[in-house]
Amino acid sequence: MTIAVHHQRKWLGVAVAAAFIGVVGFAGQAKAADPLVDVAWVKAHIGKSNVVFLDVRPQVGYLRGHIPGAVHTNYGKDGWRVKVGRVVGMMPSDTAKLAKLIGGLGIDNSSHVVLVSPGRSSTDMGISTRLFWTFKVLGDDNVSILNGGMAAYLAQVDKKGQPVNPLEKGMKKAEAKTFKVALRKDMLPDRNAVKAEIGKSGVTLVDNRPSDQYLGVTRPGVDTESGTIPSAHNVPQQWLTVNGGGTFRSKAELEKLYAAAGVPTKGKQINFCNTGHWASVGWFASSQILGNKKAELYDGSMSDWTHHNMPTEAKIKVN
């Protein structure tokens, strides 16, 4: 009997230690959540106290039906991105305001945040990837994206075409919590840091805009010059999801696309677009799916770059 109890206690101690390691990881570091979760994972975690589903769709769609318990945020208006001088869409330098915004959504540092985009296009998935990046910059690794977005969740229907997965209507009011920031400044290269990398061996600049903007055929209104940053390669963000939709491509598929674009999947990489939205899709694909932890995102992108008269390169000069 004594031997049995001894072994039972020993087994329990091992189990507890294993569970502890699973939560905090080795060397005391918090274990990062899987960057992508699927619908089955979501259904299995509805109602879990430590999981916060953050719905980033337009409010009208959220009110009509969302994952039970999901809270809502307005990506464009709630303060996730701000105008700095003449440059739009920048991450706020006042991280205290971001912390208050996040805490007001019922999120603290123990919450597992799951971002839910509409899931109709790679561009709307960019809302999730941009917020994913923001959480990472703020020092929070416990964040995931619903692959395929809400479109994937609603795609499962019965014989009458009605959604079979549970839905909740109306606005969910969260109980405010305290979110603490541990800013990772190394994830915020500015224009001067980017300029210093032009032409360096082992560094790849990646323009995630459509090819017409990369080539200089068309110029978005937020930029003052056509073209791209000298030496940059082009990997349009819509390549990175299946048919430009809401489901990310597999690692094997991405490797083929990056090879075709002449972009290595290892080594320092700086992703940019016009305002850091599309670039977040590229950064996510590189850093989270391909596993390149040296991938970075240039927040200000071409808007910041051209407003400060940095060098540009137009592959095609129309006028």
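Modeller: Start with contact: it means heavy atoms within 4.5 Å. This is a predicted model: local features need pLDDT of at least 70, side-chain atom pairs count only at pLDDT 80 or more, and totals for chains, interfaces and linings use all residues. Residues are numbered from 1 along each chain as its sequence is written, and side-chain values use heavy atoms, with hydrogens and water left out.

Colleague: What share of the contacts with a separation of 6 or more joins residues 24 or more positions apart?

Modeller: The share is 73%.

Colleague: How many helices and strands are there?

Modeller: The chain has 11 helices and 11 strands. Both are DSSP runs, numbered from the N terminus: helices are H or I with at least four residues, strands are E with at least two.

Colleague: What percentage of the chain counts as buried?

Modeller: Of the 319 residues, 47% do. Buried means under 20% relative accessible area, exposed means over 50%, and partly exposed lies in between (1.4 Å probe, protein chains only).

Colleague: What makes helix 10 mostly covered?

Modeller: The count does: 12 of its 12 residues are buried. Among them are Trp278, Trp283, Phe284 and Ile289.

Colleague: What is the span of helix 10, and what is expected?

Modeller: Helix 10 has 12 residues and reaches 16 Å from its first C-alpha to its last, close to the expected 16 Å. The expected span is 1.5 Å times one less than the number of residues. Just after helix 10, Gly291 takes a positive phi of about 80°.

Colleague: How does helix 5 score for burial?

Modeller: Helix 5 is mostly covered too, with 15 of its 16 residues buried. Its 16 residues reach 22 Å, close to the 22 Å expected.

Colleague: Why is helix 5 called roughly perpendicular to helix 10?

Modeller: Helix 5 (residues 122–137) and helix 10 (residues 278–289) pack at about 65°, with their axes 7 Å apart. That angle makes the pair roughly perpendicular. The cut-offs are under 35 degrees for roughly parallel, over 145 for roughly antiparallel, 65 to 115 for roughly perpendicular, and oblique for the rest. Axes are lines fitted to C-alpha atoms, for helices over the stretch in contact, and angles run from 0 to 180 degrees between N-to-C directions.

Colleague: Which residues meet there?

Modeller: From helix 5 they include Phe132 and Trp133. From helix 10 they include Trp278 and Phe284. By class, this contact has 6 nonpolar, 6 polar and 2 charged residues. Ala, Val, Leu, Ile, Met, Phe, Trp, Tyr, Cys and Pro count as nonpolar, Asp, Glu, Lys and Arg as charged, and the others, Gly among them, as polar.

Colleague: What makes helix 9 and helix 10 oblique?

Modeller: Helix 9 (residues 251–260) packs with helix 10 at about 120°, with the axes 11 Å apart. The two helices are therefore oblique to each other. Lys251, Leu254 and Tyr258 of helix 9 meet Gly282, Ala285, Ser286 and Ile289 of helix 10. These residues divide into 4 nonpolar, 2 polar and 1 charged.

Colleague: How do you know that Arg120 is exposed?

Modeller: Its relative accessibility is 63%, so Arg120 counts as exposed. Arg120 lies in the loop between strand 6 (112–116) and helix 5. Its contacts, not counting residues up to four places away in sequence, are Ala151, Gly244, Gly245 and Gly246.

Colleague: Is Gly216 buried or exposed?

Modeller: Gly216 has a relative accessible area of 8%, so it is buried. Gly216 is in the loop between helix 8 and strand 9. Its C-alpha is 7.2 Å from that of Thr228, 12 residues apart along the chain.
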